[in-house]
Amino acid sequence: SIHPNVFAGILILLIPIALAQLAFAFRSPAWINVIAGASAIAMSSALLLSLSRSAILALAAAVLALLILHGRSGWLALAIALLISVGVVFRFGVYKTLGLLMASASLGGYSSRLDIWLRALYILQDFPFTGVGMGAFPEVANRLYPFTYFEPGWVHHTHNLYLQIAVDFGVVGILAWLAIFTLATLAAWRAYRIGLKVQDRELAAVGAGLFGSQLALGLHGLTDAVTWGMVRPAPLVWALWGLSIAALRIAKDVQSARPG
């Protein structure tokens, strides 16, 4: 079995890759597009069934980025999304909007997450260089900084990817992770740009899909940490980073092989 939030956090890393294939490489062989389309539909349906609001919002941002990369229509979609967002905040207020977006059946809303994040900051303040080690957050937090809204043993991680890595490995660890994340994201972006330049649709699709995947990872990490640490699917993130670097190397080889 797998927790719905973990399942959703993994799906949003893969859906942009399938969608990018359809958007940027639609002239590929039909069987490739059929597989990409069926995968996108199946994974998106499963994501909706997970009811993970933060994952759905992160995927929406990634899809919006793909639309912008694909053409001018994406900017119109961005403007509409911004107007809707401003309207929602104006209607409900900032605090209530945050509570609605971050609420979940197992955790609660914004106040509950803030209670967890404060404990993570306390730990980071007391263990800035070494952290407390992977998987130690629940025990350390319960012993030294008891939660306000949760019973001991209820909270298993910080529900923020960046705080979780910092708590586990300290400031140096989170800086190293951010460096790798940034390099992988830039590699995917450059692969996309080179693909456009050399008019290689498949290469552009791979680069755009991986870029959207990293965008979803970064945004979803603001409210959850299901792609890190002791979670079994966590190595997928590193696999996608490897694919991003490989895509850039292939893109450079393709570019150098083209005349002019």
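So, Phe-129 first: it's exposed, at 67% relative accessible area, where exposed means over 50% and buried under 20%, with a 1.4 Å probe and protein chains only. Keep in mind that this is a predicted model, where local features need pLDDT of at least 70, side-chain atom pairs count only at pLDDT 80 or more, and totals for chains, interfaces and linings use all residues. Residues are numbered from 1 along each chain as its sequence is written, and side-chain values use heavy atoms, with hydrogens and water left out.

Phe-129 sits in the loop between helix H6 (110-126) and H7; helices here are DSSP runs of H or I, at least four residues, numbered from the N terminus. Setting aside neighbours within four places in sequence, Phe-129 is in contact with Phe-169 and Gly-170, contact being heavy atoms within 4.5 Å. Val-171 is 42 residues away from Phe-129 in sequence, yet 5.8 Å away in space, C-alpha to C-alpha.

Now over to Thr-158, in the loop between H7 (137-144) and H8 (161-197). Thr-158 is buried, at 0% relative accessible area. Its side chain reaches the backbone oxygen of Asn-160 at 2.8 Å. Not counting residues up to four places away in sequence, Thr-158 touches several others, including Trp-117, Phe-137 and Val-167.

Last one, the helix pair. H1 (residues 4-24) packs on H9 (residues 201-220) at about 150 degrees, axes 8 Å apart; the axes are lines fitted to C-alpha atoms over the stretch in contact, and angles run from 0 to 180 degrees between N-to-C directions. That makes the two roughly antiparallel, the label for angles over 145 degrees. Among the residues making the contact are Gly-9 and Phe-24 of H1, and Ala-205 and His-220 of H9.

Definitions and conventions. Angles under 35 degrees count as roughly parallel, over 145 as roughly antiparallel, 65 to 115 as roughly perpendicular and the rest as oblique. A polar contact is a pair of N or O atoms within 3.5 Å; within protein, one must be able to donate a hydrogen and the other to accept it, and residues adjacent in sequence count only if both atoms are side-chain atoms.
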